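User: I have a model open and would like to learn how to read its features. Can we go through them one at a time?

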Amino acid sequence: MSLGVQIFCLFLLVCIGGFFSFSEISLAAARKLRLRAMAEEGVRGAARTLKTKENPGRYFSVIQIGNNMAAIMGGIVGESAFSPYFSAAFRYILSPETAAQLGFVCSFLLITCAVVLLSDLLPKRLAMNNPERNAMHIFGTIISPFVWIFDNLANAVLRFLNIPLAPKDKLTSDDILATVSAGSDQGIIDANEQAVIENVFNMENRPVTTAMTARESIVYFTLDESEAEIRKQISQNPHNYFLVCDGDIDHVIGFIDSKNVLRRLLEGKPISITEQGLVQQVQFVPDTLTLSEILEMFQRSRGDFAVVLNEYALVVGIVTLKDVMSTVMGDLVLTPEESQIIERDDHSWLVDGATPTVDLVYTLDLDELPDSQNYETVAGFMMYMLRKIPKRTDRFDWGGYRFEVIDVDANKIDQVLVQRIADTDARSAS
């Protein structure tokens, strides 16, 4: 083969590789919104190109095959065309063996530079100018036949090997949360919005005990409660609902709505727990339910109040729809007085003992607390780590933080101070 024919073949292969590079970047840079608008305007080929853009896998496969074939053949043709001339030139100053090796290297560098410049960089720069139009012309006419051929060949092989033709792509919650986190880092999503989205996904993993009002904080009435005592309790504890019990809290017979009590007060009627119609039937739920299941239950029953029982049928707390939504919305609906974790500065936090450990883990950006299956609240975490009923000033270090009990009421941990150890030691030394 003469040098002229070899150069022509090389030029043709470079043009073919450039065409495939041009096609690839045209489809990749084409904007879906622009293609959709053009399709709605009736532009020919826009709808077909948009469909290709939404499922580009097989088109890119054909492009890569064509590009690689052109590059490989270009290297073979270029090496055979230019190596003899470079070798002959080097023989005047080097030995024949060294000249042949150096001639091959020079030929390789020349072909590589030509392919990178003419078959890759330049076509991609040109394709960036109006990529939607370029993609419509290329994928609507030229590439489609090649795609049909290779696609059917690939499908035949996959059928022969008994492999599914379409991949089973599954979008997980981790994928969504990673996308949300990336959007927050770039300033597209607000930090509060990110927290709400993460809380929604965490509802599947958070037990109802992390959002309920605990047993010791429940205000309830007994059947023999006097009207004066009822008035006093409602005025001191302005809740929406009050449990009604027969003797003690573990014998719940129903609940009363404070609005009904207020209505009777405005009408001047006496208030009696035993009066028919005042006490309503209450829902009981196990403490093993998640917040997601509680929300679904409220939706089915059209209610917004339930009593939480443990495996021994003892009352461990009450939960309302507001409790669930407050857990999801977080700081967007909670006032500073209601927050269980108060950030004092960048290095320390004041934490309520009843705070669920999942909230502490999220705030401190921890992976997990040790043996977390043994407790649910910060108070339980402190007792587990100290191995005793904590007293004021009891403390321990774990995970780069110092946890110190600062307030105890009748063996109940009310408040815990959490500090970063390195920052605490630095301030003490200064």
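User: How many helices and strands does the protein chain have?

Analyst: The protein chain has 15 helices and twelve strands. Helices (H or I, at least four residues) and strands (E, at least two) are DSSP runs, numbered from the N terminus. This is a predicted model: local features need pLDDT of at least 70, side-chain atom pairs count only at pLDDT 80 or more, and totals for chains, interfaces and linings use all residues. Residues are numbered from 1 along each chain as its sequence is written, and side-chain values use heavy atoms, with hydrogens and water left out.

User: What share of the 430 residues is buried?

Analyst: Start with the cut-offs. Buried means under 20% relative accessible area, exposed over 50%, and partly exposed in between (1.4 Å probe, protein chains only). Here, buried residues make up 36% of the 430 residues in the protein chain.

User: Among contacts between residues at least 6 apart in sequence, what percentage join residues at least 24 apart?

Analyst: Contact means heavy atoms within 4.5 Å. Of those contacts in the protein chain, 52% join residues at least 24 apart.

User: Now helix packing. At what angle do the axes of H8 and H12 cross?

Analyst: First, the convention. Axes are lines fitted to C-alpha atoms, for helices over the stretch in contact, and angles run from 0 to 180 degrees between N-to-C directions. The axes of H8 (residues 191–202) and H12 (residues 321–329) cross at roughly 130° and come within 7 Å. H8 is therefore oblique to H12. The classes are: under 35 degrees roughly parallel, over 145 roughly antiparallel, 65 to 115 roughly perpendicular, and the rest oblique.

User: Which residues make that contact?

Analyst: H8 supplies Val196, Asn199 and Val200, and H12 supplies Thr327, Val328 and Met329. They divide into four nonpolar, two polar and no charged. In this scheme Ala, Val, Leu, Ile, Met, Phe, Trp, Tyr, Cys and Pro count as nonpolar, Asp, Glu, Lys and Arg as charged, and the others, Gly among them, as polar.

User: How many aromatic pairs does the structure hold?

Analyst: A pair of aromatic rings is described by the distance of the centres and the angle of the planes. Rings of Phe, Tyr and Trp (its six-membered ring) pair if their centres lie within 6.5 Å; planes under 30 degrees apart count as stacked, over 60 as edge-to-face and the rest as tilted. The structure holds eleven such pairs. One of them joins Tyr241 and Phe255: edge-to-face, 5.4 Å centre to centre, with 80° between the planes. Tyr241 lies in strand S3 (residues 241–245) and Phe255 in strand S4 (residues 252–257), 14 residues apart. Both Tyr241 and Phe255 are buried.

User: What geometry does the pair Tyr375 and Tyr384 have?

Analyst: That pair is tilted, at 5.5 Å centre to centre and 45° between the planes. Tyr375 is buried because its relative accessibility is 7%. Tyr384, at 23%, counts as partly exposed.

User: Which residue lies over the face of Tyr384?

Analyst: For a charge to sit over a ring, NZ of Lys or CZ of Arg must be within 6 Å of the ring centre and within 35 degrees of the ring normal. Arg387 lies over the face of Tyr384, at 4.7 Å from the ring centre.

User: Which residues of H14 are buried?

Analyst: In H14 (residues 378–386) they are Val378, Ala379, Gly380, Phe381, Met382 and Leu386. Their cover includes S9, H13, strand S10 (395–398), S11 and S12.

User: Where is Ala410 found?

Analyst: Ala410 is in the loop between strand S11 (401–409) and strand S12 (412–420). Most residues other than glycine have a negative phi. Phi of Ala410 is near 55°, a positive value. Asn411, in the loop between S11 and S12, also has a positive phi, about 65°. Ala410 is exposed, with a relative accessible area of 70%. Asn411 is exposed at 58%.

User: Is Thr355 buried or exposed?

Analyst: Thr355 is buried, at 1% relative accessibility. Thr355 sits in the loop between strand S9 (348–352) and helix H13 (357–364). Leaving aside neighbours within four places in sequence, Thr355 is in contact with Gln340, Ile341, Glu376, Thr377 and Val378.
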